[in-house]
Structures are given as structure tokens and as C-alpha cells.
Amino acid sequence: MLKVIGFILLIHSAISLIRYRKHLIYKDMADQYHIPLDILLEIIVGFALNMFFGVILDKKFVNIHQFPHKKTYDQALQRPNFKQPGGRGGVLQSVVRDKIGNFDINN
């Protein structure tokens with residue numbers, strides 16, 4: 001319930017900020033724009049309610065340290081089939097091979 005109240009506070013503060021900005025434009029004082037204190041407090045309270053009741057009290061945290069496999073960091077990132085091109089020569093090597101013949105740019 002308090003998550004909904006926090007969300008409603010954030011929506012109301014956004015609408016209030018839009019109305020305040022339109023009022024300043026109407027009064028030709030748009031260069032004196034600052035966020036009013038009541039809207040700023042509404043934003044802070046709405047954000048705090050959403051963070052506290054939406055994230056902290058849900059307690060649906062998953063342990064990120066439990067993996068289904070026991071691989072080390074190097075084993076998990078090892079990709080023997082991946083060949084990273086070493087610059088423009090490696091990328092264009094197939095084009096040059098087609099035009100010139102079997103010519104190794106890297107050597």
C-alpha cells in the first residue's frame with residue numbers, strides 16, 4: 001500500500017512541476033526556474049517510500065554468489081572459437097585474400 005502512495009506522490013510531484021513550469025512561462029519568468037520546496041520534499045518522500053517499501057521490504061533478494069557450476073573466472077570467459085581481429089588488417093584480411101591471393105597481413 002505504501003508503495004502505491006509513493007508512486008502517487010511521484011506522479012503528483014511531476015504534474016505539479018509541469019504546472020509550475022507552465023505558470024512561469026505564462027508569467028514570462030522562465031529564466032528564474034527553480035524547484036519549489038514543497039515539490040522537492042514530495043519527490044524525496046515519494047522516492048524514499050518507493051525505495052524502502054518497494055525494494056528493501058520485499059526481501060526477494062537472490063544470492064548472486066551461488067552459481068550452478070564451479071568454474072573459475074578464466075574458465076568462464078575462455079572462448080577458444082572467438083578470434084578477435086587485431087585492427088583493420090585482421091578485419092580486412094578476407095577481402096585482401098580474395099583480391100591478392102593467399103597473403104597474410106599479420107606477418
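A nonpolar surface patch of about 690 Å² is formed by F47, M51, F52, V55, I56, L57 and F61. Such patches consist of residues with over 30% relative accessible area and no salt bridge, with nonpolar side chains (Val, Leu, Ile, Met, Phe, Trp, Tyr) joined within 5 Å and like charges within 9 Å; a salt bridge places a side-chain nitrogen of Lys or Arg within 4 Å of a carboxyl oxygen of Asp or Glu. Accessible areas were computed by the Shrake-Rupley method with a 1.4 Å probe, and for residues only the protein chains shown count as cover. The model is predicted, with local features requiring pLDDT of at least 70 and side-chain atom pairs pLDDT 80 or more, whereas totals for chains, interfaces and linings use all residues. Residues are numbered from 1 along each chain as its sequence is written, and side-chain values use heavy atoms, with hydrogens and water left out.

Helices (H or I, at least four residues) and strands (E, at least two) are DSSP runs, numbered from the N terminus. F61 counts as exposed because its relative accessibility is 61%, and V55 counts as partly exposed at 39%; the classes are buried under 20% relative accessible area, exposed over 50% and partly exposed in between (1.4 Å probe, protein chains only). Leaving aside residues up to four places away in sequence, F61 touches V55 and I56, a contact being heavy atoms within 4.5 Å.

One aromatic pair was counted. The pair is edge-to-face, because the rings of F52 and F53 have centres 5.0 Å apart and planes at 85 degrees. Under the criterion applied, rings of Phe, Tyr and Trp (its six-membered ring) pair if their centres lie within 6.5 Å, with planes under 30 degrees apart counted as stacked, over 60 as edge-to-face and the rest as tilted. F52 is partly exposed at 40% relative accessible area, as is F53 at 24%.

The UniProt annotation "transmembrane region", from an unreviewed entry, covers residues 40-57. The end C-alpha atoms of residues 40-57 are 24 Å apart, and the span is 94% helix and 0% strand.

Overall, the protein chain contains five helices and zero strands. Of its 107 residues, 11% count as buried. The accessible surface of the protein chain comes to about 9,700 Å², of which 63% belongs to carbon and sulfur atoms.

How values were computed
UniProt positions are given in the numbering used here, feature names are shortened, and annotations may be inferred rather than shown by experiment.
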